[in-house]
Amino acid sequence: MNGLASPTATSVSAKPRIPAFLLNPSVLVGGLLVAAIVLMAAAAPLVGTVDPTRIDPAMRLKPPSELAWFGTDLFGRDVYSRAVYGARSSIFIGLCVATTALLTGITIGLVTGYFRWVDAIVMRIMDGLMAIPTFLLAIALVSLTRASIATVVVALTIPEIPRVVRLVRSVVLTVREEPFVEAAISVGTSTPKILLRHILPSTYAPLMVLGTYICASAILIEAGLSFLGTGLPPEIPSWGNMISEGRTFFQVAPRLVFLPSFFLALTVLGINLLGDGLRDTLDPRIAKRM
Amino acid sequence: MLAFIAKRTLSVIPVIVVVSIVVFLLLRLSPGDPAVIIAGDNADAATIERIRSALGLGQPLVTQFFIWAGSLLQGDLGISIFSNIPVTDLILQRIEPTASLALTTLVFAILIAVPLGTIAGATAGSWLDRSLMLVSVLGFSIPVFVLGYCLIYFFSLQLRVLPVQGFSSIREGVGPFLSSIALPTMTLGLAYLVLIARITRASVLEMMGEDFIRTARAKGVKERVVVTRHALRNSAIPILTVIGIGVALLISGVVVIETVFNIPGVGRLVVDAILKRDYPVIQGVILLFSGIYVLVNLAIDIGYAFLDPRVRY
Amino acid sequence: MLMKMPPPVIEVQDLAISLPGGGDRGFAVDHVSFSVAAGEIVCVVGESGSGKSVTAQSIMGLLPKVFPKPAGRILFEGKDITAATPSEMRDLRGRGIGMIFQEPMTALNPVQAVGKQIDEVLRTHLSLSRTERFARVIAAMTEVRLPDPEGMYHAFPHQLSGGQRQRVLIAAALILQPRLLIADEPTTALDVTTQAQILSQIRDLQRERGMGVLFITHDIGVVREIADRVVVMKAGKVVEHGPTVQVLDAPTSDYTRMLIASVPTLEPKRSGHVVNGDVAVKVDTLTKTYHSGGIFRDRRTVHALQGASLSVRRGETLGIIGESGSGKSTLARCITQLIEPSSGSVTLAAAKNGRAFRQRIQMVFQDPYRSLNPRRTVGQSIIEGPMNFGQSKAEALERARELMKLVGLEPHAVDRFPHQFSGGQRQRISIARALAMEPDILVADEAVSALDVSVQAQVLRLIDDIQKRFDLAILFITHDLRVAAQICDRLIVMHRGEVVEQGPVSSIFAAPVHQYTRELLASIPGRAEHMVPA
């Protein structure tokens, strides 16, 4: 590529190859963990479980046996089955919250990037929302309504939106100054087209990473809410609910707390590893924006 | 400099206003009659009516807000519906354990995180760096209550060296205070610690690639001094920033931790209030925590000016 | 055996450094030997990727970790330092060898007072009292002619100009009287007038102290200005070395000849060029004022542009000359309506068949790496404009292929992405993108500044060629008078937002009227030899 070479394009053939991020060990390990847990959640009825909500007073607080691999809880429900089914609630909530927060955040972020006067107002509101610690805002929101999956999703989404808006906006503000955007302006491209064609694609990589973090954070906060008794209704098998119910018997039967805790930590670990790996391979500068 | 401080301080006002509007609207805009929500499912009409008038629900929304905000400015956070005690008094009664825990955690996390992150950043790729990164991703993934139970299981139930639960004030002696607060501090501190360590590492690592580091080396400066005097010193702003942002993590953690370790602090107060739908208490605590968060970050913002000459004007 | 000659200050013998990544990927520095004696300045000259900076860093023992350990020997005053311990090397740095770098903007610690940063050398190597150290720092700052040393001691880097920062770095590098100074492109990031001052300063200090200087540069003009001997490097190898006069005036290798030939001379190339086209664009007293600050700060007003007027005819190239902060880029961006001027007007000649402003005036940007969207194929970038104005995709793409050919690239390369092209090729693509709009006026904002000289010459030829072909009016913005001499008919010289002088290139070069223009011309490195064509 030095100056003496003929000015015809040196051919760097664009043959199909494995994207670099798939080869990152963090992405691999995290991805496999997440895949395993998603698979387990999807195939919950097939992995040696029984009805996770069946109450059997005769079987209360039984130690592990061949019938119940991790014993039974206070109501005689099978701990293993509940933990497996609990993956469904966590993953569903994580995905819902991440998707809704991202979509809402992108919309608000792009609109604020476009209309300067909206920007001032929206950013003040976002600053205000960011000032309320996420967990407290979520807890206050769920406590207003009767607990259900939908209200938990809404309550967890609202505090995450400002993070997405800020990220989108910071990308918009940076990319807006790039010479290739000026070049697009000077060939007469309209502002909405510039936003969608030249600026929006730059947000995909950081948003993908932020999405994984939101997903992990939503799963953690849902578990925290359920742990405090303000999250999902107690009959829904969820890891937070199980830990909450088990904590009274922690000293006699720590397994009631440890099994769901293990699943919970493993899931969040997988998602976090995936997110870190994506961040490092897609664009290390992303870290600075979050 | 003074102008900078004044400007920063004023910029906090809109944030506080938005926070109070959000906190105010939380209850008012919820689906259904706020008075019925607060009173619960089995309340009689008289109770609902009493709550309604206590909250001034009959008036227009804007009037309600100004009445509420007016008393807020006088330090009046309202009266607990459940116990009939002013919210301010309830919070004051409970503030000591929470403040103690927050301070010990802050000290614990920063004292370990900054040196650890600096060494990891300066020796990126070493075993220490790799293990720190591994521990940090674990630290983010374990929920505080899970970690709390793990530590209780190990230190209290197996080794029997620390009490399982409870809180002992520092006025009752330093020994009991430290042993009661050790596990909650470690539990609460881990995520905060790995957060700060990670940012310290990333920032020091980034600074190590800067041109001025090369200049310092060309002057013959010792590597240890290059790292501390140049790389770490230039990382002060990101580190301080994350310490400030991390306060949110601390606040969320406190709410859960106080339940795990049975500590009678503000966190427990708000959890109990939520279970009883005691709205004035919930609002009061959210305002308090948000206020602390905003003020800590304001202080840090102002601190920038002392740490970075480019911010001063 | 007669008198024994003292060994050179630094002698590099057969130095070889593999490219990072291991394996047989070749060498960054490929068995290079040269030496620097006390009291002489040796320039290592080469284009990017020649291995000249890597060589300098390996002498200092500051090679980035990605490189493997170098092979060969490096002798400092006769002693092999490749075998030195880390602490011996540390002691040598600052005391025996001083080094200055390319980017004075980033080479200083932004949060430490500059005096302290000079003082750090003393603190590291000597044990002196605080007052003694302060006195020596002030003396060193005075020696490099920093104004008000005692006041400036406590200043922070961002409060200093680029030239002042480079002086601080020189003071720090030389405070312990090292026998060797390594200067790695120390003036590349500076304006040409500042460059001239720094070069003469390095020369003066070198003579006073009789130290050796190893000077790394890509600029043949700088070599001519300062060097006693020259080492020409290309792709890690030494292609030629010898006394400056010999290498520059009678080069033996083709590469050196090409390098010298690519350096634009100050001889105006267009003195015989007759411009008789219609006026394409007329700019009348354009101003741009920025306000900053708010209620708590004093409002600061920056007059970026103070009443610039100009006009350009079709077929004519008007050069806009100025250093950083002169307002030349602001002028370009006001003319192309990328920013709105505070007052004044830009008038284009009457449009034929109602073509829009954006179709009639096009721009080529400075940074070839950032002016193309990395996510879009170059074809998509080229057809974006025409499609905005209603051309069909097929038609636009067909035209894009023709244009690629026109600018010297393969037509089918439209499907590739920007990262698959070199800097010079990208600049050709940017030109194709501008031409796709069939403009009347082309604004080139430092369009060749980021390119190596040989590539620069090719792109200049292309611009010259397309101007003739499309009868373009060109506004050519540059800081480099030598480049301007190649392509411009007339010049406008800008200084601090004002037009200080304008006229045909030949008359400005022959008889500059304004003091600043004279200074600018006098600062061009290696000028004397070029003003008198052989």
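1. Basis. This is a predicted model, in which local features need pLDDT of at least 70 and side-chain atom pairs count only at pLDDT 80 or more, while totals for chains, interfaces and linings use all residues. Residues are numbered from 1 along each chain as its sequence is written, chains are lettered from A in the order in which they are written, and side-chain values use heavy atoms, with hydrogens and water left out.

2. Chain B. The secondary structure of chain B comes to 13 helices and zero strands. Helices (H or I, at least four residues) and strands (E, at least two) are DSSP runs, numbered from the N terminus. Along the principal axes, the C-alpha atoms of chain B fill a box of roughly 80 × 55 × 35 Å.

3. Chain B against chain A, extent. This contact (heavy atoms within 4.5 Å) takes 47 residues from chain B and 43 residues from chain A. About 3,700 Å² is buried between the two chains, and carbon and sulfur atoms give 77% of that area. Buried area is the accessible area (1.4 Å probe) that two parts lose on being put together, summed over both. F145(B), Y149(B) and I274(B) supply 16% of the area that chain B buries against chain A, more than any other three residues.

4. The side chains of R198(B) and D276(A) meet in a salt bridge at 2.7 Å, N to O. Four residue pairs, both at pLDDT 80 or more, are in polar contact across the interface of chain B and chain A. A polar contact is a pair of N or O atoms within 3.5 Å; within protein, one must be able to donate a hydrogen and the other to accept it, and residues adjacent in sequence count only if both atoms are side-chain atoms.

5. Chain B against chain A, make-up. Helix 1 of chain B gives the most to the side that touches chain A, with eight residues. By class, that side of chain B has 38 nonpolar, five polar and four charged residues. Ala, Val, Leu, Ile, Met, Phe, Trp, Tyr, Cys and Pro count as nonpolar, Asp, Glu, Lys and Arg as charged, and the others, Gly among them, as polar.

6. Helix 4 of chain A on helix 11 of chain B. The axes of helix 4 (residues 134-144) of chain A and helix 11 (residues 236-260) of chain B come within 7 Å and cross at roughly 55°. F135(A), L136(A) and I139(A) meet I251(B), S252(B), V255(B) and V256(B).

7. Chain B against chain C. Chain B gives 26 residues to this contact and chain C gives 28 residues. The buried area is about 2,500 Å², with 58% from carbon and sulfur atoms. Two salt bridges are found across this interface; the side chains of E120(C) and K219(B) meet in a salt bridge at 3.0 Å, N to O. The interface also has 12 residue pairs in polar contact, both at pLDDT 80 or more. Helix 1 (2-28), helix 9 (211-218) and helix 10 (223-234) of chain B are the elements that give two or more residues to the side of chain B that touches chain C. That side has 10 nonpolar, four polar and 12 charged residues.

Key:
Axes are lines fitted to C-alpha atoms, for helices over the stretch in contact, and angles run from 0 to 180 degrees between N-to-C directions. A salt bridge is a side-chain nitrogen of Lys or Arg within 4 Å of a carboxyl oxygen of Asp or Glu.
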